[in-house]
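Subject: Structure for you to look at

Hello,

Here is the structure I promised to send over. Please open it first, then read my notes below.

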Amino acid sequence: MISLKTGSELKVMREACRIAAGALQTAGKAVRPGISTAEIDKIAEEYILSQGGEPNFKNYSGYPATACISINNEVIHGIPSTKRILREGDIVSIDLGAKYGGYHGDNAATFACGKISDEAKWLIDTTRESLYKGISAAVSGGRIGDIASAVQEYVEARGYSVVRKFVGHGIGTSLHEAPEVPNFGTKGRGPRLLPGMTLAIEPMINQGSSDVKVLPDGWTVLTVDGSLSAHFEHTVAITADGPKIMTYA
Ligand code: MF3
Ligand code: CO
């Protein structure tokens with residue numbers, strides 16, 4: 001079942017999203033050569049707690065940290081570690097969320113560590129822009145497939161591929177709710193978009209093939225061909241006045 005949130009629910013949820021966005025911004029500013037992903041995770045966690053929120057990934061299905069931090073060919077769900085030290089030229093995807101007042105916020109972005117290649121920059125720019133294409137298609141009366149196809153068309157026209165094994169999701173009193181929000185599909189298909197729906201739209205885009213595999217740690221998702229991958233995510237509310245991004249600081 002797809003839950004529709006009232007205006008007052010959206011106000012509380014916006015607080016969760018504000019905290020998640022502030023944490024992502026703060027974590028992103030910490031990205032630099034020499035820092036460990038565990039240190040970035042700690043910065044994110046301290047920010048969320050300082051704002052009265054709770055890190056909502058921690059203990060989710062046994063996940064051990066506040067943030068997922070995925071480097072270069074890692075797509076999503078990289079586990080922060082004191083042993084993972086960022087290097088100049090890395091691209092670093094940080095995905096994190098916060099819970100506040102019973103509601104969840106979820107967002108992600110890919111950051112450059114120092115100076116990165118033009119190829120890496122193009123991938124990041126395309127992935128960020130594909131998220132905004134998806135958000136623009138998230139209008140009341142449309143369908144989930146409108147979002148999916150907007151992302152897919154933008155990405156594939158630029159020679160990149162959309163990860164299919166993982167998708168975006170509804171979000172609210174649970175981190176993951178119905179409906180699924182794929183980044184590939186057909187305009188006009190899928191569940192109807194209605195005011196009060198809140199969706200985490202999150203394109204995961206690979207430089208090479210869309211194939212991914214999971215490491216033996218049970219979490220880290222990698223590109224099979226070793227190519228770079230980027231990830232951007234916002235929590236978005238569908239309203240009568242169009243899509244509203246909830247995850248901004
Ligand atoms: N960030 C994922 C999402 O966007 C959820 C992470 S799974 C967790 O849906 F276990 F790390 F929480
Ligand atoms: Co998400």
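One definition before the notes: contact means heavy atoms within 4.5 Å. Angles between axes run from 0 to 180 degrees, taken between N-to-C directions. Please keep in mind that this is a predicted model.

**Sheet and helix**

Helix α3, residues 118–136, lies across β10 and β13. The helix runs at about 35° to β13. Those two strands belong to an open sheet of three strands, in the order β6-β10-β13, with antiparallel pairing. The edge strands are β6 (161–162) and β13 (229–231), and each of them pairs on one side only. Between β6 and β10 (residues 204–206) there are two bridges, and the two strands run antiparallel. Which residue of β10 stands opposite Ser 161? Asn 206 does.

**Ser 130**

Ser 130 is in helix α3. Is Ser 130 buried or exposed? Its relative accessibility is 0%, so Ser 130 counts as buried. Leaving out residues up to four places away in sequence, Ser 130 touches Val 151, Tyr 154, Val 155, Pro 203 and Ile 205.

**Rings**

The structure holds one aromatic pair. Tyr 63 and Trp 219 form it, in an edge-to-face arrangement. Their centres are 4.9 Å apart, with 80° between the planes. That angle counts as edge-to-face because the cut-off is over 60 degrees. The pair links distant parts of the chain, 156 residues apart. Tyr 63 sits in the loop between β1 (54–55) and β2 (67–71). Trp 219 sits in the loop between β11 (212–214) and β12 (221–223). Tyr 63 is buried, with a relative accessible area of 2%.

Two arginines lie over tyrosine rings. Arg 14 is over the face of Tyr 248, at 3.6 Å from the ring centre. Arg 158 has its charged end over the ring of Tyr 154, 3.7 Å from the centre. Tyr 154 is also one of the residues that Ser 130 touches.

**Salt bridges**

How many salt bridges does the structure hold? There are nine. Here are some of them.

- Lys 42 with Glu 46: the closest N and O atoms are 3.3 Å apart. Both residues lie in helix α2 (residues 37–50), four residues apart, about one turn of the helix. Lys 42 is exposed, at 51% relative accessible area. Glu 46 is partly exposed, at 45%.
- Glu 45 with Lys 58: the side chains meet at 2.8 Å, N to O. This pair links distant parts of the chain, 13 residues apart, with Glu 45 in helix α2 and Lys 58 in the loop between β1 and β2. Glu 45 has 18% relative accessibility, so it counts as buried, the cut-off being under 20%. Lys 58 is partly exposed, with a relative accessible area of 30%.
- Arg 164 with Glu 156: the side chains meet at 3.9 Å, N to O. Arg 164 counts as partly exposed, at 41% relative accessibility. Glu 156 is partly exposed too, with a relative accessible area of 38%.

Best wishes

Note on methods:
Residues numbered from 1 in each chain as written. Chains lettered and ligands numbered in written order. Predicted model: local features only at pLDDT ≥ 70, side-chain atom pairs only at ≥ 80, totals over all residues. Heavy atoms only, no water. Pairing = 2+ DSSP bridges. Phe/Tyr/Trp six-rings, centres within 6.5 Å; stacked < 30°, edge-to-face > 60°. Buried < 20%, exposed > 50% of the residue type's maximum accessible area, 1.4 Å probe, protein only. Lys NZ or Arg CZ within 6 Å of the ring centre and 35° of its normal. Salt bridge = Lys/Arg side-chain N within 4 Å of Asp/Glu carboxyl O.
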